[in-house]
Amino acid sequence: MILIKNENSYTEMMKSLAHSRRNRKDESLLQMYIQMVIDDSLFKRKKEILETEINNALDTGDQQTFYKLAEKYADLMKSTT
């Protein structure tokens, strides 16, 4: 009888271990997905800000600022590839 209890508890322990490993894997995937969403949002916001600043520099005729911002914009776009 004791042997059967130990087998059952071992089986339950292995099921629990497999379940916890699956949960950790799922959590890792979820964290990776969340990070991708955050990174994408930050990229889009930075791009939007630079585009607005570049347009303002063009509107005011500020050539020096335009070139500086255009370089930042190009660097940002390169970072996505």
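Biologist: Is Arg-45 buried, partly exposed or exposed, and what is its relative accessibility?
Modeller: Arg-45 counts as partly exposed, at 45% relative accessibility. Keep in mind that this is a predicted model.

Biologist: Which side chain meets Arg-45 in a salt bridge?
Modeller: That of Glu-48, with an N to O distance of 2.5 Å. Glu-48 is also partly exposed, and its relative accessible area is 43%.

Biologist: Why would two such side chains pair at all?
Modeller: Side chains of opposite charge can pair when their charged atoms come close. Here, Glu-48 and Arg-45 sit 3 residues apart in helix 1, so about one helical turn separates them.

Biologist: How many salt bridges are there in the whole structure?
Modeller: A search of the whole structure gives 3.

Biologist: OK, what does Lys-44 pair with?
Modeller: Lys-44 forms a salt bridge with Asp-40, and their closest N and O atoms are 3.2 Å apart. Both residues lie in helix 1, which covers residues 2-60. They are 4 residues apart, about one turn of the helix.

Biologist: What about Glu-51, which residue is its salt-bridge partner?
Modeller: Lys-47 is the partner of Glu-51, with 3.9 Å between the closest N and O atoms. The cut-off for a salt bridge is within 4 Å, so this pair counts. Glu-51 and Lys-47 are 4 residues apart in helix 1, again about one helical turn.

Biologist: How accessible are Glu-51 and Lys-47?
Modeller: Glu-51 is partly exposed at 32% relative accessibility. Lys-47 is partly exposed too, with a relative accessible area of 26%.

Biologist: Changing topic. Which residues make up the largest nonpolar core?
Modeller: There are 5 of them: Phe-43, Leu-50, Ile-54, Leu-69 and Leu-76.

Biologist: Which elements give two or more residues to that core?
Modeller: Helix 1 and helix 2, the latter running over residues 63-78. Helix 1 gives the most, with 3 residues.

Biologist: Take Ile-54 from that list. What does Ile-54 touch, leaving out residues up to four places away in sequence?
Modeller: Ile-54 touches Phe-66, Leu-69, Ala-70 and Tyr-73.

Methods:
Residues are numbered from 1 along each chain as its sequence is written. This is a predicted model: local features need pLDDT of at least 70, side-chain atom pairs count only at pLDDT 80 or more; totals for chains, interfaces and linings use all residues. Side-chain values use heavy atoms; hydrogens and water are left out. Buried means under 20% relative accessible area, exposed over 50%, partly exposed in between (1.4 Å probe, protein chains only). A nonpolar core is a set of buried Ala, Val, Leu, Ile, Met, Phe, Trp, Tyr and Cys residues joined through side-chain atoms within 4.5 Å. Contact means heavy atoms within 4.5 Å.
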